Amino acid sequence: MADATSPTPDPTSPRSPTSPTSPTSPTRTTRLRWTGSADYIAADDLQRIVNAAIALGRPLLLRGEPGTGKTLLATSIATGLGLPLLTWHVKSTTKAKEGLYVYDTVQRLYDSRFQDKDVGDIRQYIHLGPLGKAFAADHPTVVLIDEVDKADVEFPNDLLHELDAMSFTIPETGDVVTAKVRPIVIISSNNEKELPDAFLRRVVFHYIDFPDEALMSQIVAVHFPGLDEALARRAMTEFYRLRAVDGLRKRPSTSELIDWIAVLLAHGVPPESLGEGELPFLGTLIKRERDLPIVKDARKGTQRWRK
Amino acid sequence: MAQVSSSLLFGRLFFGLRGAGIPVGVTEWMTLMEALASGAVEPSLDALYAVGRAVLVKHEAHFDTWDQVFAASFGDAVMPVALKEELLDWLANPIERPGLSPEELAALETLSLDELRQRFLERLDEQTERHDGGNKWIGTGGTSPFGHGGNNPAGVRVGGAGGGRQAIQVAGERRYRDYRSDRILDTRATALALRKLRRLGRVEGEPELDIEETIDQTCKQAGELTLEFRPPRENQARVLLLMDVGGSMTPYTRLVETLFSAASGLNHWKKLEAFYFHNCPYSKVWRSMSSGESEPLAEILKSRTPETFLLLVGDASMAPSELLSPSGAIDWFERSETPGLVWLHRLRTHFARSAWVNPMEPAHWRGYTVELIAKLFPMFPLTVDGLGQCVEHLVKKTPPPPVADLDPRLFRGGW
C-alpha cells in the first residue's frame, strides 16, 4: 500500500507530550498523529478520536454495521503512522491467553519421542501471539483485535488486566513480558454480543456511521474509477431506497453495493433499466430469503404511489 | 474561558449525562480530563464534542442523548431528563386495589380513545408528582382512566402488564400464533447461551482420544507413548419448552420467536419439545396453535422423564383469578376445575430442573401473579445474560424443590 501520505512524527509539534506518565508505565506513543491514509478518507472527528486514543494509550473500540470498514480503518491507522499491523482474528473458540502466547506441548512431546531437540528448554515451545509480539517489540505497533464479540462472553474481561498493565507472565518459564512501548490497540466489534461494562469503561469508543450518499459516491469512485455517472447515480438511489425499506432482517451494506455494481458492469446492464420494476441481480443485495418478498412489496407500493 | 466558569460547564456536562441516564463513571471522566491535559485534543468545541463522546459514551444508542446534553451544557438547549423512565418505573409498581362493583364501574366515565389520549397528555402536563389511588391523576391502583393496575372500562394503561380484570374470559378471536421461524443468524447469541444446556453421557460410536488417560498411561510406561481411547460423549439432554402466546405477550413476540428458533435450530439436544399456552398452563397445552393439536398436561407429567429440562416462557402477568380460581382460564373454552397455580406446582414438582424465562424487564416483575410464580420457579429475564444464568441454574445439580403444600388461603374466593 502506498505510504506517501504517512506523516513522520513532528518533534516541533506544539502538542508534544505533557501527560503525567508514571515512571513504571511503558512510554506512550503520544507524538504519533494519524491523519488518514491514501486509501482511507478520514473525517475530522475520526482523526481526533483516533489521536486521543493514541495519546491516552487506551484501546480504541470500533463498532458499526458489517461492511462499514472497521478492519480497513485499523489497516489505515497502521499505514498512516507507518507502523506494522499485527492482526488477531478472534473466533468463537479463541481464548484470551492465545493472543499473548501459546505453549506448543504437542511439539514438545513429539520432540521428546524422537529426541532431536533439547526438550528441557521450554522457551523454544512458547510462541507469542499478536498481543504478546506487540508487547515484546522494541518499536510501536498497531494491534487489531478483530471481531472481539465472536469469542466467549468472558473474553474481553480476560484481557482487561493485560491491556491495562501492558504486561503478562508466562507461568511455564516464569518470564514477564512487559511492553517497552505501548502498542496502539484497535478492537472491532459487530455487536453480536454485549460487551462487559468493565471493559467498556477502559476503551475509547467510536461508532462508524453508515456512509451518506456523498461519502458513498467517493467510496464507489475509489472502487470503480471511471464508472458511468448515470449508472452510479441510479444504483446509489436504488440502494438507499432499499436500505430505507422497513422490516428488513439484513439491510444491504457497502460491500453489497460494491458487489452489485460489479455484477451490473459485468452484465452490461443499462442505467435506464434500474428503477423500473424488479431490480436486476437483487440477490447480490438481499441475502435473506425472507427479505425478498418484503422488498418486492415495498417496491410495488412505491411504484403505485408514484403513478 | 475563565477557570471557574469552565469547571462549572464541565460539571454541567458530567451531571447532565448522568441525569439523562448515560452510565458515565468517574473513571471515564478522569480519562477525558487526561486526554484534555495531554494536549492531544485541540482546544475547540468540535474536538471536545468528538473526543468527549468517544471517551464518555460507549453505545451508539446513547449518542442522541449525548447530543442533547452537550447542546444544553455548551449552548442554550434544555437539559434532557430521563422522565419517561421515571414515569414507567413508578407505574410499574402497581398497588392492588379491591375490585369495584359493576355499578361502580359503570359509574366511571367511559371515553373514546382519542379523548383519552388528549386527556392523558393534558393531565401529564398538570401533574407533577407520584400518585396512587384516587380518580383523576395518572397513577397506580386508582379509578382514573389513566395509569396502571386500575379499574376503568376505557383506560389508558401506562407501562406494566396487560390484560386488567376486564380481560377475563376472552372468548373472541384467538390471536395465538406459532413462534416458529427460520431466523438462524439473528439468533446466534441466544443459541450460544442455550448451547451450554447439556447433559453428557457416554454412547456407542467412533472412539475418541482420551487425553487424560493417555497422559496417565504414558507416565506409567515411563514416557513410552500409550494412546488410550474411549467412547464419545453425547448430549443426552431433553428439553421441554412451554411458551405463553397472545394477549399481553404480543409485544414480546419477536423476542420469544428468537428464543424458539434458536432452540429449534440448535440440533444439540437429544429431544426438544415445544408447547404453547395462554397466560397459564391448565389441563392441556397446544403443540401447534394453527392446527389446534393439543396434549393433556397430565400426560406430559406422566410420560416425560423428571430429568427433562423444563423451560417456561411467559410474562407471568395475568388476573389473579387466572392463577387461583377453578375454571380461571382466560379462554372461554378452557374449563379446568384445577387452578393454574396447582398445575404449575405439579410441573415444578415433577421436573426437578425447571426455570421460568420472563421477557419483561426484571424491574417490572412486580405484579401479584409474577411474585407468586417467581416463588415457585426461579425467574430469569429473556436476555442473553439472563438465559446464560438460567442455563447455569438448570445445569448444576439443584436440590429437589421443596414439596411445600400450596397455601389454601391463596385460593379463597372473590378473585
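## Strand β8(A) and what surrounds it

In strand β8 of chain A, I187(A) is the bridge partner of L61(A). A word on the ground rules: this is a predicted model, where local features need pLDDT of at least 70 and side-chain atom pairs count only at pLDDT 80 or more, while totals for chains, interfaces and linings use all residues. Residues are numbered from 1 along each chain as its sequence is written, and chains are lettered from A and ligands numbered from 1 in the order in which they are written.

Strands here are DSSP runs (E, at least two residues), and so are helices (H or I, at least four), numbered from the N terminus. Two strands pair if DSSP finds at least two bridges between them. Here's how β8(A), residues 184–189, pairs up:

| Partner strand | Residues | Bridges to β8(A) | Sense |
|---|---|---|---|
| β1(A) | 60–63 | four bridges | parallel |
| β5(A) | 142–146 | four bridges | parallel |

Is β8(A) mostly covered or uncovered? Covered: six of its six residues are buried.

Take I186(A): leaving out residues up to four places away in sequence, its contacts include L60(A), I77(A) and V143(A). (A contact means C-beta atoms, placed from the backbone, within 7 Å.) I186(A) is also among the residues with the most contacts inside the largest nonpolar core, which has 69 residues. Such a core is a set of buried Ala, Val, Leu, Ile, Met, Phe, Trp, Tyr and Cys residues joined through C-beta atoms within 7 Å. Its largest share, eight residues, comes from helix α1(A), residues 44–56.

That helix also meets chain B. α1(A) packs against α2(B), residues 26–38, at about 95°, with axes 10 Å apart. The axes are lines fitted to C-alpha atoms over the stretch in contact, and angles run from 0 to 180 degrees between N-to-C directions. The two helices are therefore roughly perpendicular, a label for angles of 65 to 115 degrees. A52(A), A55(A) and L56(A) touch T31(B), E34(B), A35(B) and S38(B) there.

Notes:
A residue is buried if 20 or more other C-beta atoms lie within 10 Å of its own, exposed if 12 or fewer, and partly exposed in between; C-beta atoms are placed from the backbone. Two residues are in contact if their C-beta atoms, placed from the backbone, lie within 7 Å. Angles under 35 degrees count as roughly parallel, over 145 as roughly antiparallel, 65 to 115 as roughly perpendicular and the rest as oblique.
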